[in-house]
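Dear colleague,

Please find below the structure that I am handing over to you.

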4 protein chains.
Amino acid sequence: MNTFGEIYRLTSFGESHGPGVGGVIDGVPAGIRIDTAEIQRELDRRRPGQSHIVTARNEADRVRFLSGIMDGVTTGTSIGFIVENTNQHSSDYKEMADTYRPSHADYTYSMKYGLRDYRGGGRSSARETISRVVAGALARQALASLGVEIFAYTSRVGDIEVNADYTCFTPDMAERNVVRCPDPETADRMIRLIEDVKKDGDTIGGVVTCVVKGVPAGLGDPVFGKLHARLAGAMMGINAAKGFDYGMGFAGVGRRGSDMIDAFASDGSGRIHTLANHSGGIQGGISNGEDIYFRVAFKPVATLLREVPTVKSDGSATVLKARGRHDPCVLPRAVPIVEAMTAMTIFDAYLINRTSRL
Amino acid sequence: MNTFGEIYRLTSFGESHGPGVGGVIDGVPAGIRIDTAEIQRELDRRRPGQSHIVTARNEADRVRFLSGIMDGVTTGTSIGFIVENTNQHSSDYKEMADTYRPSHADYTYSMKYGLRDYRGGGRSSARETISRVVAGALARQALASLGVEIFAYTSRVGDIEVNADYTCFTPDMAERNVVRCPDPETADRMIRLIEDVKKDGDTIGGVVTCVVKGVPAGLGDPVFGKLHARLAGAMMGINAAKGFDYGMGFAGVGRRGSDMIDAFASDGSGRIHTLANHSGGIQGGISNGEDIYFRVAFKPVATLLREVPTVKSDGSATVLKARGRHDPCVLPRAVPIVEAMTAMTIFDAYLINRTSRL
Amino acid sequence: MNTFGEIYRLTSFGESHGPGVGGVIDGVPAGIRIDTAEIQRELDRRRPGQSHIVTARNEADRVRFLSGIMDGVTTGTSIGFIVENTNQHSSDYKEMADTYRPSHADYTYSMKYGLRDYRGGGRSSARETISRVVAGALARQALASLGVEIFAYTSRVGDIEVNADYTCFTPDMAERNVVRCPDPETADRMIRLIEDVKKDGDTIGGVVTCVVKGVPAGLGDPVFGKLHARLAGAMMGINAAKGFDYGMGFAGVGRRGSDMIDAFASDGSGRIHTLANHSGGIQGGISNGEDIYFRVAFKPVATLLREVPTVKSDGSATVLKARGRHDPCVLPRAVPIVEAMTAMTIFDAYLINRTSRL
Amino acid sequence: MNTFGEIYRLTSFGESHGPGVGGVIDGVPAGIRIDTAEIQRELDRRRPGQSHIVTARNEADRVRFLSGIMDGVTTGTSIGFIVENTNQHSSDYKEMADTYRPSHADYTYSMKYGLRDYRGGGRSSARETISRVVAGALARQALASLGVEIFAYTSRVGDIEVNADYTCFTPDMAERNVVRCPDPETADRMIRLIEDVKKDGDTIGGVVTCVVKGVPAGLGDPVFGKLHARLAGAMMGINAAKGFDYGMGFAGVGRRGSDMIDAFASDGSGRIHTLANHSGGIQGGISNGEDIYFRVAFKPVATLLREVPTVKSDGSATVLKARGRHDPCVLPRAVPIVEAMTAMTIFDAYLINRTSRL
């Protein structure tokens, strides 16, 4: 299943060591003005080699659009796009053809398909997320024209956590440092932790917090397509994601209901809003017009730059040492991917909702 | 969107105060032997009035199958079913027609649809989960014939948490007490907490842990249909769910990658397995044959048996006191629903996987 | 696959000799006023026993709605419904359990599923179309509020054909006789032919013509979801349908392009329309605002009231004589089913089109 | 909607005058050996400029695969591909930006999207079918390994029709002449007719007959996914298609049921087959193992090489003369497209059927 979304749909393709990655975006309404330079900027936020705390691979990741946009405006037909692979070192991976890297997808792919593309992880490579960023950036531009704003940031790396909640930050603050944490002092500590981990050839996990402002009330479906269920499915589909919660989430289970009520109030003009937002902007699966916020947990990835004992496909023991260039911590590069998946999910829900009343 | 699943699909219907709830299960392979008494037993685990710590409503919830089963065996055609509503007190809800209960779906439904069925929450009622339990129980019987076993339990209520991990428990242990916690001493403390909360007219949240054993390697899709993403979407679609994680989940983000490796080993016969299971039985989105385990956070629900200030649809202030019969803690009744959604998700992934090789 | 439609979706269930047939209609916009008596009238147009030229089975076919409608208005949630089976003679079919009726679905169901519900054809029974008529009648009411009108009629039985084209007829004319042909003289000849065929224990085929007026320009998708491709798929899914064409259809292949141009003209107000309508109201897969018209061919059904040689499942020869009550010609009862499938298809395309522009 | 299929899915993109056309094929089982040269040969059968009776445009149409195939074998992941556009004369179309060609998609696209890509028909161009041929050729190779063979041929052009039925022909016979009619004498007459029509700057329609041999019994679904309904939807989605029938089709409506029975017989080994095949290899929507055969009607296309009166978008009158290079008759090039859509449909049904029994 390489398609995401119901109305606004991305169908993606591509392995890390083939000719390129890309996809087709379908269900794009006509008449959306697209700034392709802005889409490229989103790709640049995702790309390897952007700082000393991410993988040193240097890939330009230039997107080329093949259809569906004329004179800078969407035409309503499907949008094909491709990002050529330019920095393939297949030889880095030859020895892995017959060896299962522990805590990777090697074994499971082989069990599922009877074979696998062993070069750089094949389809399980992080390069796959390029297509998400392109489709997300496009959705984001459509949402911006509707007044919806999305921003995510690194809220935790290892045990170092931002103490303030999201309302203290503005979108630009996270972009001021390489770890994408909006609190400068915490950012410094996170960066030092990642540097230490990297020196050890090790990896570390963390949490991304994401906020969506300006979502109109009414998005999401009551039963199986609850807005937060769509978001959860979207986030957990990102490589290395291990957990999701929204609103008060796991932290709310220890509290009493009376302590979590989001009381309604109406302003002078009769507009109804809530005085608190424990719910995270979604009630009964449907947006209520307040800020949506949620967290995504990312594991420390399993590619260590040190010797690791493992097995070959015949069960015999061997030792593996990754030689490629890898991320000691995926969090900085996960931020734009979380934003992209969020944009696709919210825009899809917006389009679905167009049919909720005659 | 009232359909769940890709191949094995439940399409459900029904409000709490209409004639009944039910659904159609499509994509059921032919030739599965069905024990309808066992399905009824699953419904009984979900039903109100089963103990003093859940809502006192007394509903029999008898399922009637309408098609697709002949002589106790599935025929391959769609299975319609209905559970009639027998205990409707619409008068309990009349005053709510024009009032938005805080932290409920009243306001969001009204914003989405321009109107809502105010009787007992309409479609957002917990009665909607009856259909899930029926379809889940059927999937579970199919899975049992394939050697897959599913069990869930209450692992936390408020701040009271089970300390041991799932490997210490067997499926029957959770069913020995009304809170469905497999550790008897912890269960007692949970029950006392719920009793206290109930006395206060308040509510409390908690966590359900779910385990799936015997899943063959190869289920789940590499990119957007990752097995854990499917599970996350399924779980977050349950009423009151606020968070999901699997394997080490949120607890793993503070650890180093070298500390989380699930090393491979092969037994005498050459079968490959992992020595640890931080991954939670899924790698790269695909099952690896080890136990799958995950957690679902449930909030303290917002229906308090005390006066709550709120607003009417015109924005004017009012005070509301719920008079119906409600759960002080949804956890005990959430356990069979988590199991049902898990069964549907895993069986669907099993069927999808039938097309992964020619 | 028991689901029809993308946004407006019917998922149906039911065998002829189980407890009942029915379905769930999902994707219904909120706020549509529903006249359930009118839906019942559509069912009465479909039901057996309505005249001497259709099967003598006498089934009341009362529809009971279970959800999704409150105070006569759709609420936006799924609409469950059931029609109980009341006139089951399972004993009519016992001897068929092990025998394949020629040109029926008995053999193919057995090959597909390894077993089959042999009672009255099971899921392949014409009773299955009840659900279509219910969902179609509801879509029709929604379309009527948008100014769309649908009518179909029997345009051919055996070799007896209506000579005039659809523009000569109004919707009520077809309902004035039991064969549903709007031309009275041709209708009489058709009825006499069916009487003769019935006397012989034989059957006869024919053609239904269907017309849709008032469809706004813009419905249908350019590539795979062409409006006429959706209609073709819908019509060919009706039991006994063997062919479909629209506009000039098969009759147009012998003509030259220059003879088939639908020239544009604009009226005083600048509104553009076509002077001819060889295209049948659809160009490039998208409605152009002109009348849509198409034809559906129905075969003479294979249930003969005479002895027919056939085989048992072990390959041994046997002789079969149908004893049930059967239609000598399905055309009169096919008319409301063609209309129902048309209504669902057009309304679905209308809802899909809501997302074609931002 | 630019996606075709349920399990084996093509999502296509591309306009005639953009950088290229292509698509993503998803749901491809792993382990299928692919002969890419053979896929190129299918594209060559579709391409313009292949003979004097089709459009003189000369496009090489080289397909480049981007993912999903390693060492000539499918890996189970999505297959991206692109065919670059090399022969674009956008200047041919400038004057059409504001003018609606009659009986084309210009007006309907503008009504649907509020704008359109006027260059060469944009997405409604016949170049869109390139993606179908690629995905169809791949499906065909998978089917060939399962013993399924597909061939189509031109059975009618204008009023010139092949008299013999399909059983008289072998697949190679149609490829021996440029009109793809397997009867040499009829082919000569068809070619002369097309030459005459071309001289007049006119166009002519016709019929393609398609045959599928070796389909196992059991493919197709009983209700909405009937195999012939899937085929009808697939065929009617091809540009210029106006009609579809299968088995006896429209020709059978004039006959009696007793004259159309496909009696069963069993051979020495107990294998059951039918003595006649009026049903066209499908009964109750499910294949019965006999040959599947059907017809597709194509209209004379509307692009005339002569002056045609029409209107501009403001309703004012104008005169248009197509200057591009166009097909006087689409039939010769429609043959490989019909085969491609058939291959995709049958292979999809094959994969769907893998889940019909546990």
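This is a predicted model: local features need pLDDT of at least 70, side-chain atom pairs count only at pLDDT 80 or more; totals for chains, interfaces and linings use all residues.

Turning to chain A and chain C, 15 residues of chain A are in contact (heavy atoms within 4.5 Å) with 15 residues of chain C. About 1300 Å² is buried between chain A and chain C, and carbon and sulfur atoms give 66% of this area; buried area is the accessible area (1.4 Å probe) that two parts lose on being put together, summed over both. On the side of chain A, Arg354(A), Thr355(A) and Leu358(A) lose the most area to chain C, together 53% of what that side buries.

The residues of chain A that touch chain C comprise 10 nonpolar, 3 polar and 2 charged (Ala, Val, Leu, Ile, Met, Phe, Trp, Tyr, Cys and Pro count as nonpolar, Asp, Glu, Lys and Arg as charged, and the others, Gly among them, as polar).

Residues are numbered from 1 along each chain as its sequence is written, while chains are lettered from A and ligands numbered from 1 in the order in which they are written. Local features need pLDDT of at least 70, side-chain atom pairs count only at pLDDT 80 or more, and totals for chains, interfaces and linings use all residues; side-chain values use heavy atoms, with hydrogens and water left out.

Yours sincerely
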